[in-house]
Amino acid sequence: MKMLRFLPVAAGLLAAVMFFSVSTSRAQRLALSDTIDYPIPDTAGVTFGIHNFGPIAAGQKECHTIWLRNTSNDPLVIKSIDVNNGNYYGWWTDTAIPPLPVLMLHNDIVSIAEICFTPGRDDSSAESRLVVYFSGTVNGKEVSFGTSALGYITVDTNLSKPCVVATLDNSLWGPLIIDGDISRTMTLQSNRKDSIEVDTYGSSTTDGGTFVTSGITFPYLMAPFEKKSFTVSFSPRSNASIVKYRYVGELDLAFKMNYYDSGAYYQICNSTYNTLAGVAIPPTADSISTALNAGSTDVLAMISDNSVVTHTFFFKNTGTTKLKVTNVSLKNGKSFSITNITPTSTLPFTLSTGDGMSVTVTMSTSTNGVYYDEVIITAEAATTDGKTDVQSVTTMNFALQGLRKNGAPARVGGSSTNEHVSIYPNPSHSTVTAAFPGVRNATVTVMNLVGSVVARQVATDQWIWNADVPAGMYVIQVSGTDANGNAFFSNDRCVIEK
């Protein structure tokens with residue numbers, strides 16, 4: 001070993017005192033408890049002191065200054081400092097203070113070198129030994145002596161976390177009227193001291209360009225412990241090559257670190273898979289008539305910027321026989337009402353093939369959100385079996401959705417000091433309790449991820465939902481007013497496990 005090679009050379013070494021203190025960056029020089037003295041004036045002797053650095057985590061830096069005192073009566077010239085990095089090369093650095101060579105007279109005390117320990121890997125069992133050698137002359141004789149140090153590494157608690165944690169403030173975009181836009185925020189939190197590259201990979205899709213990211217360009221290089229937020233927007237368009245009302249995209253992200261460790265090369269340290277679910281309500285243009293057909297999947301949609309809005313929907317008899325319209329009604333009639341029917345509000349009336357009718361619907365709401373109902377039209381159709389005429393009754397249900405987007409501001413649950421919403425247990429295997437103390441005139445609505453209402457209840461303070469539904473994620477919506485009469489509105493996700 002290099003240390004042993006210096007032992008014979010040290011014969012006749014004049015006494016010197018070597019001790020460690022805290023780095024010179026601190027205002028006060030403090031001697032450590034393991035100070036070593038060399039009280040042998042004229043005989044051979046080399047003493048190595050063990051000085052501890054750490055424990056510290058990888059990427060941190062601990063520095064100490066070596067001070068020498070010449071206890072001999074003769075001048076001591078320090079010509080060189082040699083650092084043996086031991087079992088972990090590159091973790092130790094040394095800087096001469098002042099530049100060498102340096103002359104030390106009797107009893108001179110000189111800060112001769114700064115030694116720094118910067119471990120490159122987190123390992124609770126790792127221990128790194130350093131040996132520092134000094135070479136010089138006394139009365140023309142070559143002398144060498146040294147000291148040693150130990151560096152201890154503690155595990156970084158951040159290593160128990162994923163390299164990057166990705167969170168999305170809401171996993172459902174919409175429902176919104178098609179040709180509109182709605183945005184969600186995704187936040188990335190790095191848990192590493194190293195830079196991490198973020199890039200898309202795998203089966204990432206935008207469902208025809210409906211989902212768009214902004215505020216970030218991939219690949220993106222995250223700084224150590226950086227928190228980065230960007231926007232994911234849902235922008236369905238009615239002039240797209242393929243128009244849908246239920247969209248599913250995917251944003252898959254890979255987090256990459258390039259480093260060597262114990263002879264192995266690492267790249268992707270973790271990844272995340274994010275399903276993007278968007279719900280759009282199709283536009284109902286006045287120039288387009290909805291066919292009077294049983295089992296129609298058309299959706300009647302209207303938007304409200306005020307507390308009350310009225311819209312007229314047009315229908316057309318596209319069949320081959322006359323239709324006698326006998327009834328027009330709403331399934332629920334809570335947020336909507338029928339205020340006019342043409343060609344006459346007096347029922348029944350007959351529509352020949354190609355004739356049209358209209359239904360005027362008024363929506364009265366007090367809070368922002370999406371409201372649901374059904375327009376039900378019942379008609380009799382004249383058919384023939386070749387011998388006699390037969391009257392068949394047809395009931396046609398048309399989904400009605402209304403979006404209130406402005407008006408009185410919708411309050412997010414928990415934003416008031418007196419009103420808040422708690423959903424528990426979450427996830428649940430059976431029943432779910434929605435607690436909303438302080439919310440007045442509360443209506444609780446449960447929707448699946450395609451926007452269909454699976455449960456609705458008016459309640460006070462809390463409601464227990466018997467979740468007799470398929471496993472999956474659901475949105476529990478609570479709307480009402482606070483103690484001051486202001487609108488209160490919240491959306492919370494709930495997972496049902498079977």
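Leaving aside its neighbours within four places in sequence, with which residues is G136 in contact? In this predicted model, G136 belongs to strand β8, which spans residues 127-138. Beyond those sequence neighbours, G136 is in contact with V77, I78 and K79, and also with K141, E142 and V143. I81 lies 55 residues from G136 along the chain, and 9.3 Å separates the C-alpha atoms of the two.

Another part of the structure holds an open sheet. Its four strands follow the order β19-β21-β25-β23, and their pairing is mixed. At the edges stand β19 (290-291) and β23 (336-342), each of which pairs on one side only. Strands β21 (residues 308-316) and β25 (residues 356-364) run antiparallel and are joined by nine bridges. Opposite F313 stands V359 of β25.

In soluble globular proteins, nonpolar side chains tend to be buried together. Here the largest nonpolar core has 26 residues, and those with the most contacts inside it are L292, F315, M357, I377 and L400. At least two residues of this core come from each of β20 (299-304), β21, β22 (323-330), β23, β24 (349-351), β25, β26 (369-384) and β27 (389-404). The most is given by β26, with five residues. Leaving aside neighbours within four places in sequence, the contacts of I377 include L292, F315, V325, M357 and F398. Apart from this core lies another, of 25 residues, among them L76, I78, I112 and V143. Of these, I78 and V143 are also in contact with G136.

Note on methods: Residues numbered from 1 in each chain as written. Predicted model: local features only at pLDDT ≥ 70, side-chain atom pairs only at ≥ 80, totals over all residues. Heavy atoms only, no water. Contact = heavy atoms within 4.5 Å. Pairing = 2+ DSSP bridges. Core = buried A, V, L, I, M, F, W, Y, C linked by side-chain atoms within 4.5 Å. Buried < 20%, exposed > 50% of the residue type's maximum accessible area, 1.4 Å probe, protein only.
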